[in-house]
Amino acid sequence: MSERRIIRRIRGIDTADGAGVKLKRIIGQPGLDMLDPFLLLDEFRSDSADDYIAGFPEHPHRGFETVTYMLAGHMQHGDNHGNRGDLVAGSVQWMTAGRGILHSEMPQQEDGLMWGFQLWVNLPASDKMTAPRYQDIGPERIPVVHPAEGVTVKVIAGELAGATGPVAGIVTAPVYLDIAVEPGAQIEVPLPEGHHAFAYVFDGADAQVAGDRLARSELAVLSPGASVRIGGDEAPARVLLVAGRPLNEQVTRYGPFVMNTPEQIHEAIADFRAGKF
Ligand code: CO
């Protein structure tokens, strides 16, 4: 069993998206353009309403999947096909945009903490024009396991310690784990060997990742390997551990459209303008 190591460290950059929601862009910025199949990772965290109240009004997506994991707060999702969903603390929405949707994500609170992640996962050429699909998963459906003393893991996608995450049928076979570690506690998490993987420390203090210290708000890109060790350092910490099968295809992206070729981007823009989403 080969253990994964840290091969790169990245910190997010402060930016804004939607109608002015302040966020940290960790993947999808000059320091880390993408980590195939992951196109973007944003963390939004603020207890100041001015930073999030404008939300993400109606906008299109085509050619990939958006994954929202809410840690605190409440947003409502809606799209032009009549789908509605509540994104509450602890819930996950795995949305396969496929050939296209127009949707919005709007805050349902006027104050208090709003905190969560949005991850973009690419689709292979064969699936880019698939029908849109939603997996709206409430907190009660996410298994919580204790694979070792002082370690608590929410299994959102993939398998760990006999639990299987509720997200199913995703072409990149993702692993998505929220790992809480106490000081000195440690687990070895098995991962599919060729998957691209990253770890991001999002709460508490520094953590131990692959035998190294990883600071709060730092993302580690991991080498290939069959497992990675995650543990606590001097204080409790939480680590997002995500892995997916790389697609190894050409990527042409233009804002909310991610396709293989420039021609397909032009087609996406034309379809959007013609109201075909
Ligand atoms: Co969106």
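Visitor: Where is the place of Pro37?

Guide: In this predicted model, the peptide bond that runs from Asp36 to Pro37 is cis, with omega near 10°. Most peptide bonds are trans. As for its position in the chain, Pro37 has its place in the loop between S3 and S4.

Visitor: Which protein atoms are the donors of the cobalt ion?

Guide: The donors follow the spacing H-x1-H-x41-H along the chain, and they lie 2.0 to 2.1 Å from the cobalt ion.

Visitor: How many residues apart are His61 and His103?

Guide: His61 belongs to strand S5, which covers residues 56-61, while His103 belongs to strand S10, which covers residues 101-107. This pair links distant parts of the chain, the two histidines being 42 residues apart.

Visitor: Does His103 count as buried or exposed, and what about His61?

Guide: A residue is called buried when its relative accessible area is under 20%. His61 has a relative accessibility of 2%, so it falls under that limit, and His103, at 1% relative accessibility, does so as well. His61 therefore counts as buried, and His103 likewise counts as buried.

Visitor: Which strand gives the most to the lining of the largest pocket?

Guide: The largest pocket has a volume of about 370 Å³, and 20 residues line it, with Asp17, Arg25, Leu40, Asp42 and Trp120 lying nearest its centre. Strand S3 (21-27), strand S4 (38-46), S5 and strand S11 (114-122) each supply at least two residues of this lining. The element that gives the most, with four residues, is S5.

Visitor: How many residues of the lining of the second largest pocket are charged?

Guide: About 170 Å³ of space lies in the second largest pocket, and its lining includes Asp14, Lys22, Lys24, Glu43, Arg45 and Arg216. The largest share of this lining, four residues, comes from S4. The lining divides into three nonpolar residues, three polar ones and, for the charged group, six.

Visitor: Which residues have the most contacts inside the largest nonpolar core?

Guide: The largest nonpolar core has 31 residues, and a second, separate core of 30 residues includes Val153, Ala207, Ala210 and Val239. Phe198, leaving aside its neighbours within four places in sequence, is in contact with residues including Ile27, Phe38, Leu119, Leu219 and Val242. The residues with the most contacts inside the largest core are Phe117, Leu119, Tyr176, Phe198 and Leu219.

Visitor: Is Ala173 buried, partly exposed or exposed?

Guide: Most residues other than glycine have a negative phi. Ala173, however, has a positive phi near 50°, and this residue lies in the loop between strand S16 (163-164) and strand S17 (175-181). Because its relative accessibility is 40%, Ala173 counts as partly exposed.

Visitor: What is the relative accessible area of Asn248, and is Asn248 buried or exposed?

Guide: Asn248 has a positive phi of about 55° although it is not a glycine, and it is found in the loop between strand S24 (237-244) and strand S25 (252-254). A residue is called exposed when its relative accessible area is over 50%. Because the relative accessible area of Asn248 is 65%, this residue is exposed.

Conventions:
Residues numbered from 1 in each chain as written. Predicted model: local features only at pLDDT ≥ 70, side-chain atom pairs only at ≥ 80, totals over all residues. Heavy atoms only, no water. Donors = N, O, S within 2.8 Å, 3.2 Å for Na, K, Ca; no water. Buried < 20%, exposed > 50% of the residue type's maximum accessible area, 1.4 Å probe, protein only. 1 Å grid on protein atoms, 1.4 Å probe; cavity = no way out; pocket = protein on both sides within 12 Å on 5 of 7 lines; lining within 4 Å. Points joined across faces, edges and corners; volume = space filled by probe spheres on them. Nonpolar A, V, L, I, M, F, W, Y, C, P; charged D, E, K, R; others polar. Core = buried A, V, L, I, M, F, W, Y, C linked by side-chain atoms within 4.5 Å. Contact = heavy atoms within 4.5 Å.
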